[in-house]
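Here is a short briefing on a protein model. Look at the sequence and structure, then work through the points below.

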Amino acid sequence: MILETAVANLLSPPVLAFLLGLIAVAVRSDLRIPEALTKTISLYLLLAIGLKGGMALREASFAEVIGPLVLSLLLGIAIPFVVFVVLGFVSRLGPIDRGSVAAHYGSTSLVTFTAALVFLESLAIDYPGYAPALLTVLEIPGIVVGIVLASRASTTGVRWGAALHEVFAGTSIFLLSGGLLLGLIVGETGYAGVRPFFEEPFRGVLALFLLGLGIEAGQRFGSLRQAGFGLLVFAAVFPFAVGSAVVAIAVLAGMGHGGAVVLAILCGSASYIAAPAAVRLALPDANLAVPLAASIGVTFPINLALGIPYLTWLAAVLTG
């Protein structure tokens, strides 16, 4: 069933839209998604996910949520450390760029998370409604730890005030947290009035966003040559290595099939929205083309095509 759904997922409009974006770059088409539209779509996805998560949090008990939240926080701190150390062995990146990559890979990908939820829903696999809260918790420590690791080698210093303001008040965290709060306040009754807007068009909007990401991914492949083959291998292996470990940890923690998949895909993804903005402010010496080429050009499409189905299968095996 998972294999059949994975094949169907590869032929779904969102995934095919991403492929279309790659093809557009390959044939040198002038197809572009206006930046204003891309930002609007990001706002829509963040608020839609936040609202649904807030409603679910309203129904969840403290005992049900606290364990996964603490686990997410610990993983958000540990993963960038691991990334920083591993890159020292497999790549020729300096400490500043290794810290920058660690910040991106310690953070999360909203669109990968969204695609995972759509995949689980197509299999009728339940996942925790508080999942967006895990996304919010994981987004912050990875960025901060990555910047700390890089700061030790920075000659220009780190603009901590601007960076932390971007992390906590930037669009991603602010709107996702705000959506969670709104969902908590309005509940199912209040959400009913906007449900058609946030649910019916959701997959179509996601497809349009993935078209833009496909174009961006195609444009960034060339930057991988700057960092060498080691970073390419790292970006390809990361979702499976980290995802597999987190699935096992989540299953042992009692998060169930869907919960294990959600946490694993969050930890096995990489940021290309929140992290770049914070790293740009904090580490002006970092070459942002390197982490963005790895996250968008390699890790994201691998997760979209293979990582999500694989982690769903692995969680099914481990949960029996």
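L231 touches L87, V90, S91, L93, V101, L224, V290 and A294, leaving out residues up to four places away in sequence. Touching, or contact, means heavy atoms within 4.5 Å. This is a predicted model: local features need pLDDT of at least 70, side-chain atom pairs count only at pLDDT 80 or more, and totals for chains, interfaces and linings use all residues. Residues are numbered from 1 along each chain as its sequence is written, and side-chain values use heavy atoms, without hydrogens and water.

**Nonpolar cores**
- A nonpolar core is a set of buried Ala, Val, Leu, Ile, Met, Phe, Trp, Tyr and Cys residues joined through side-chain atoms within 4.5 Å.
- Buried means under 20% relative accessible area (1.4 Å probe, protein chains only).
- The largest core has 86 residues; L45, V83, V101, Y105, L231 and L263 touch the most other members.
- Helix 16 (residues 289–318) gives this core its largest share, twelve residues.
- Helices are DSSP runs (H or I, at least four residues), numbered from the N terminus.
- Another core, of 17 residues, lies apart from it and includes I147 and A286.

**R98**
- R98 is found in helix 5 (residues 95–106).
- R98 is buried yet has no salt bridge (a side-chain nitrogen of Lys or Arg within 4 Å of a carboxyl oxygen of Asp or Glu).
- Beyond its neighbours within four places in sequence, R98 contacts F84, L87, G88 and L93.

Definitions and conventions:
Helix = DSSP H or I, 4+ residues; strand = E, 2+ residues; numbered from the N terminus. Buried < 20%, exposed > 50% of the residue type's maximum accessible area, 1.4 Å probe, protein only. Lys, Arg positive; Asp, Glu negative; His and termini not counted.
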